[in-house]
Amino acid sequence: LGRARPEFERAIIEDLDWLGIAFAGEVRRQSDHVADYEAALEALRDEGLVYPAFMSRADIREHIAEAEARGIAWPRDPDGAPLYPGLDRYLGKTERERRIGDGAPFAWRLDMKAAAARVALPLFWNEEGYGPNGETGRVSANPKAWGDVILARRDAPASYHLSVVVDDAVQGVTDIVRGRDLFHATALHRLLQELLRLPVPSYHHHRLVLGDDGRKLSKSRKDTAVRELKAAGMTPADIARLAGFGSD
């Protein structure tokens, strides 16, 4: 939330205008809607579907390293990150409250086992684009592959996963168009939609627009995405083709 700046907002709208995409409605700034995310998290807490997780990154690395040293193949999520060990899932209420009261840092994590047991699996979504392996049409979701994901931190009221499903529902979004790197995350989003009783949109995942080195464009690498491509002489039609829209 803290990375949002007015100039970034204006740049996005200008880029959309250059691409020929009309921006409809007012900008929804997540920093103005923290209460929506807190309400969603509270609903999950009330149903016993999230828990405070106290393991630090160092704790997690150490636990997994010890397990792998014993020959255990530690499971990883679709992005390749190791699943959270979940040891603090079994802490009693008194111990949890004591740690929180003592100021121990923690994150709210989804109890995937409990959450998956609460809905009718398998879940599905309508894919109008294509997944990494050509998946399209009615796609089966596998949220269990993500394990106990973070839904909120003490310094951040909502993770990407929680905020996007809430934002989409509040804004009445019916069709979501986004990069193929988020294809597998849709399974987790479908689970959250079911748990929070939210509408289910259709999805269209498209090819990523890559840099000259074959890697996806990234703010962390100072890529400026659309503006950089525009400055290089590309047209909106060129960019649409790179993303898989229109003829190659």
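Predicted model: local features only at pLDDT ≥ 70, side-chain atom pairs only at ≥ 80, totals over all residues.
Colleague: Which side chains of strand E3 point to one face, and which to the other?
Modeller: In E3 (residues 123–127), Leu-123, Trp-125 and Glu-127 point to one face and are buried. Buried means under 20% relative accessible area, exposed over 50%, and partly exposed in between, with a 1.4 Å probe and protein chains only. In a regular strand the side chains alternate between the two faces of the sheet.

Colleague: Which strand is joined to E3, and by how many bridges?
Modeller: Strand E4 (residues 137–141), by 5 bridges. The two run antiparallel. Leu-123 has Ala-141 of E4 as its bridge partner. Two strands pair if DSSP finds at least two bridges between them.

Colleague: How many helices and strands are there in the protein?
Modeller: The protein has 9 helices and 7 strands. Both are DSSP runs, numbered from the N terminus: helices are H or I with at least four residues, strands are E with at least two.

Colleague: What is the strand order in the open sheet?
Modeller: The order is E1-E2-E5, with antiparallel pairing. Strands E1 (50–53) and E5 (150–153) stand at the edges with a single partner strand each, so one side of each has no neighbour in the sheet.

Colleague: And what joins E1 to E2?
Modeller: 4 bridges join E1 to E2 (residues 107–110). Val-50 has Leu-110 in E2 as its bridge partner.

Colleague: New topic. Why is helix H6 largely enclosed?
Modeller: H6 (residues 160–170) has 8 of its 11 residues buried, so the rest of the structure largely encloses it. Among the buried ones are His-161, Leu-162 and Asp-168.

Colleague: What do the buried residues of H6 pack against?
Modeller: They pack against helix H2 (34–46), E5, strand E6 (175–179) and helix H7 (185–195). Contact means heavy atoms within 4.5 Å.

Colleague: What follows H6?
Modeller: Gly-172 follows H6, and its phi is positive, near 70°.

Colleague: How many residues does the whole protein have, and what share is buried?
Modeller: It has 248 residues, and 36% count as buried. The C-alpha atoms fill a box of roughly 60 × 45 × 35 Å along the principal axes.

Methods: Residues numbered from 1 in each chain as written. Heavy atoms only, no water.
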